[in-house]
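Dear colleague,

I am passing a structure on to you, and I would be glad if you opened it beside this message. Please look through it once on your own before reading my notes.

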Amino acid sequence: MDIKLASQYSINNREQIEVSEKAGCYYCLSIFAPKKICEYCDWGATVLCPKCGIDSVIGSNSGYPIDLETLKKLHQYWF
Ligand SMILES: [Zn+2]
């Protein structure tokens, strides 16, 4: 798992998230179902976290395991 590449999955990720089983935010460390997402930025291409509104959401389809441990690692690296 390459933490440095994760940010590419948190932009222009709407399609990737919509086909993912679950999604997680590595800013507020919440895990949620992709259908809970109802806010987007970048003209609808980038998903915003339903809890904190930050564009730091990755989906399970990105290849990253969506669990607390992974989200914490990403959080430490990116914030
Ligand atoms: Zn969040």
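What follows is a description of what was found, part by part.

Please keep in mind throughout that this is a predicted model.

I would start with the metal site, where a zinc ion is coordinated by the SG atoms of Cys-25, Cys-28, Cys-49 and Cys-52, at 2.2 to 2.3 Å. The angles that these four donor atoms subtend around the zinc ion run from 107 to 112 degrees, which makes the arrangement tetrahedral; for that label, all angles have to lie between 85 and 135 degrees. Cys-25 is buried, with a relative accessible area of 0%, while Cys-52 is partly exposed, at 30%.

In general, the strands of a sheet pair through backbone hydrogen bonds, in either a parallel or an antiparallel way. Here strand 1 and strand 2 are joined over two bridges in the antiparallel sense, and Gly-24 has Ile-31, in strand 2, as its bridge partner.

Most residues other than glycine have a negative phi. Trp-43 also has a positive phi, near 55 degrees; Trp-43 is placed in the loop between strand 3 (40-41) and strand 4, and at 87% relative accessibility it counts as exposed.

Tyr-27 lies in the loop between strand 1 and strand 2 too, and counts as partly exposed at 37% relative accessibility. On the surface, Tyr-27 forms a nonpolar patch with Tyr-77, Trp-78 and Phe-79, and together they have about 410 Å² of accessible area.

How many salt bridges does a search of the whole structure find? The search finds one, in which the side chains of Glu-18 and Arg-14 meet at 3.2 Å, N to O. Glu-18 and Arg-14 are four residues apart in helix 1 (residues 14-18), and are therefore separated by about one helical turn. Both residues are partly exposed, Glu-18 with a relative accessible area of 47% and Arg-14 with one of 30%.

Finally, I would point you to Ser-62, in the loop between strand 5 and helix 2 (68-78). Ser-62 is buried, with a relative accessible area of 11%, and although 52 residues separate Ser-62 from Ser-10 in sequence, the two are 9.5 Å apart in space, C-alpha to C-alpha.

Note on methods. Residues numbered from 1 in each chain as written. Predicted model: local features only at pLDDT ≥ 70, side-chain atom pairs only at ≥ 80, totals over all residues. Heavy atoms only, no water. Donors = N, O, S within 2.8 Å, 3.2 Å for Na, K, Ca; no water. Tetrahedral: all angles 85-135°; square planar, octahedral: opposite > 155°, others 65-115°. Buried < 20%, exposed > 50% of the residue type's maximum accessible area, 1.4 Å probe, protein only. Pairing = 2+ DSSP bridges. Patch = residues over 30% accessible without salt bridge, like charges linked within 9 Å, V, L, I, M, F, W, Y side chains within 5 Å. Areas by Shrake-Rupley, 256 points an atom, 1.4 Å probe, with all protein chains shown as cover. Salt bridge = Lys/Arg side-chain N within 4 Å of Asp/Glu carboxyl O.
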